[in-house]
Amino acid sequence: MSDFPIGVVPRCFALVPAAGVGSRSGADRPKQYVPLAGQAMMAHTLAALAAVPRIEATLVVLSPEDDQFEQAVPGFEGPRSWVARCGGDTRAETVANGLQVLREHGVAPHDWVLVHDAARCLLQPAWVDRLIDACQDDEVGGLLALPVADTLKAAGAAGAAGAAGAAGAAGAAGAASAHPRVAATVDRRGKWAAQTPQMFRLGLLAPALAAGLDGVTDEASAVEALGHQPLLVEASMENFKVTWPADFALAERLLRSRPTSV
Ligand SMILES: Nc1ccn([C@@H]2O[C@H](COP(=O)(O)OP(=O)(O)OP(=O)(O)O)[C@@H](O)[C@H]2O)c(=O)n1
Ligand SMILES: C[C@](O)(CO)[C@H](O)COP(=O)(O)O
């Protein structure tokens, strides 16, 4: 990080990976295009980012096959709103490809990139400001996240109860179940659930992702693999990622309960 110039004020840019298909969502289209509270899901996401004055510009990274964006988010493209159809097979590839596009737009290694899932459409500008406030003077950067509140279970295989004492509860025959069984209770102390945006300098994030995309599910883990410790900045449960079929109704209720769509 000491490579970054002293005295130059870094700018903030947003990168929105939106090249996924939403295979877990059960929707009839990529989930970012499902209508919620009168607009495509992604329109809410982009409106929240557009309402953060410190974000200079937002790049949306779509699948090369995407033919829905311009209809779903009309009038998006402009001087502060960029679109690239260079999404990859994984989220990490999509982000890595998007960083190259940011470079082509003149984003410098010392500038900050806030990567935010298109599928986190409940984002509020105030949470983005909190992240920027927390990270802008930091060496590494950080991410919105939430301390885990529930007791955590590691799932084992589905099937009959096998352990000592289970036969008494399940009956001598050991009733089989489609549900997985608890393999262990995991110590939740100090555990946080990662959200987005995740905010890192372009000059740190690009090499971190280039160092290994396999199994990387967020930007922070790529940066951690280089030995850094990103900041965990507490956010809200409402900043959840629409993933499962039931999540759409919850997102819709929350969006409709807000004074505006942002
Ligand atoms: N190859 C991919 C995969 C995902 N994403 C984006 O990464 C974000 C978070 O990913 P996720 O919620 O997993 O979305 P999907 O991959 O679409 O969903 P699923 O895993 O259920 O298929 C989403 O905005 C999604 O569009 C992406 O840009 N490129
Ligand atoms: C980046 C992320 O949203 C943080 O929770 C998450 O890791 C994305 O994972 P997915 O498997 O692509 O949903």
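How many residues does helix α3 have, and how far does α3 reach from its first C-alpha to its last? Helix α3 runs over residues 91–104, so to speak our opening example. It has 14 residues and reaches 20 Å. That is close to the 20 Å expected at 1.5 Å a residue.

A word of caution before I go on. This is a predicted model.

Let me give the overview. The protein chain has 262 residues, and 37% of them count as buried. Its secondary structure comes to eight helices and eleven strands. The C-alpha atoms fill a box of roughly 70 × 45 × 35 Å along the principal axes. Now take the contacts with a separation of 6 or more. Residues 24 or more positions apart account for 74% of those.

Next, domains. The assignment gives domain 1 as 12–148 + 193–257. Domain 2 is 152–186. Their centres, taken over C-alpha atoms, are 38 Å apart.

Back to α3. Which of its residues are buried? They are Arg91, Ala92, Thr94, Val95, Ala96, Gly98, Leu99 and Leu102. What covers them? The list includes the strands β1 (12–18), β4 (55–62), β5 (81–84) and β6 (112–115). It also includes the helices α6 (202–210) and α7 (219–225). Here is a general point for reading any such helix. An α-helix has 3.6 residues a turn, so residues three or four places apart point the same way. Just after α3 comes glycine 106, with a positive phi of about 95°.

Now the core. The largest nonpolar core has 68 residues. Those with the most contacts inside it are Phe13, Leu15, Met42, Leu59, Val113 and Leu205. Pick out leucine 59. Leaving aside residues up to four places away in sequence, leucine 59 touches Phe13, Leu15, Val16, Trp82, Ala84, Gly98, Val101 and Leu102. Two of the buried α3 residues, Gly98 and Leu102, are in that list.

On to the ligands. Around ligand 1 there are 23 residues. The closest are Pro17, Gly20, Ser23, Arg24 and Ala118. By class, that shell has seven nonpolar, ten polar and six charged residues. Both β1 and α3 supply at least two residues each.

Which residues are around ligand 2? Arg91, Asp117, Ala194, Gln195, Thr196, Thr217, Asp218 and Lys241. One is nonpolar, three are polar and four are charged. Strand β10 (residues 192–201) gives the most to this shell, with three residues.

Stay with β10 for a moment. Proline 197 lies in this strand. A cis peptide bond joins threonine 196 and proline 197, with omega about 5°. Threonine 196 is also one of the residues around ligand 2. To put both in context: most residues other than glycine have a negative phi, and most peptide bonds are trans.

Alanine 37 is partly exposed, because it has 17 other C-beta atoms within 10 Å. Compare methionine 41, in helix α1 (residues 41–50). Methionine 41 counts as buried, because it has 30 C-beta neighbours inside 10 Å. The cut-off for buried is 20 or more. Beyond its neighbours up to four places away in sequence, methionine 41 touches Lys31, Gln32, Tyr33, Val34, Leu36, Cys121 and Val242. Methionine 41 and alanine 251 are 210 residues apart in sequence, and 9.1 Å apart in space, C-alpha to C-alpha.

Two more residues. Phenylalanine 4 is in the segment before β1. With 15 C-beta neighbours inside 10 Å, it counts as partly exposed. Away from its sequence neighbours up to four places off, phenylalanine 4 touches Pro109, His110, Arg201 and Gly203. Phenylalanine 4 and arginine 201 are 197 residues apart along the sequence, yet 9.3 Å apart from C-alpha to C-alpha.

Last, valine 83, in strand β5. It has 18 C-beta neighbours inside 10 Å, so valine 83 counts as partly exposed. Valine 83 touches Val60, Leu62, Phe69, Phe76 and Glu77, again not counting residues up to four places away in sequence. Tryptophan 127 is 44 residues from valine 83 along the chain, and their C-alpha atoms are separated by 24 Å.

Methods. Residues numbered from 1 in each chain as written. Chains lettered and ligands numbered in written order. Predicted model: local features only at pLDDT ≥ 70, side-chain atom pairs only at ≥ 80, totals over all residues. Domains from an automatic or database assignment. Helix = DSSP H or I, 4+ residues; strand = E, 2+ residues; numbered from the N terminus. Expected span 1.5 Å × (residues − 1). Buried ≥ 20, exposed ≤ 12 C-beta atoms within 10 Å, placed from the backbone. Contact = placed C-beta atoms within 7 Å. Near = placed C-beta within 6 Å. Nonpolar A, V, L, I, M, F, W, Y, C, P; charged D, E, K, R; others polar. Core = buried A, V, L, I, M, F, W, Y, C linked by C-beta atoms within 7 Å.
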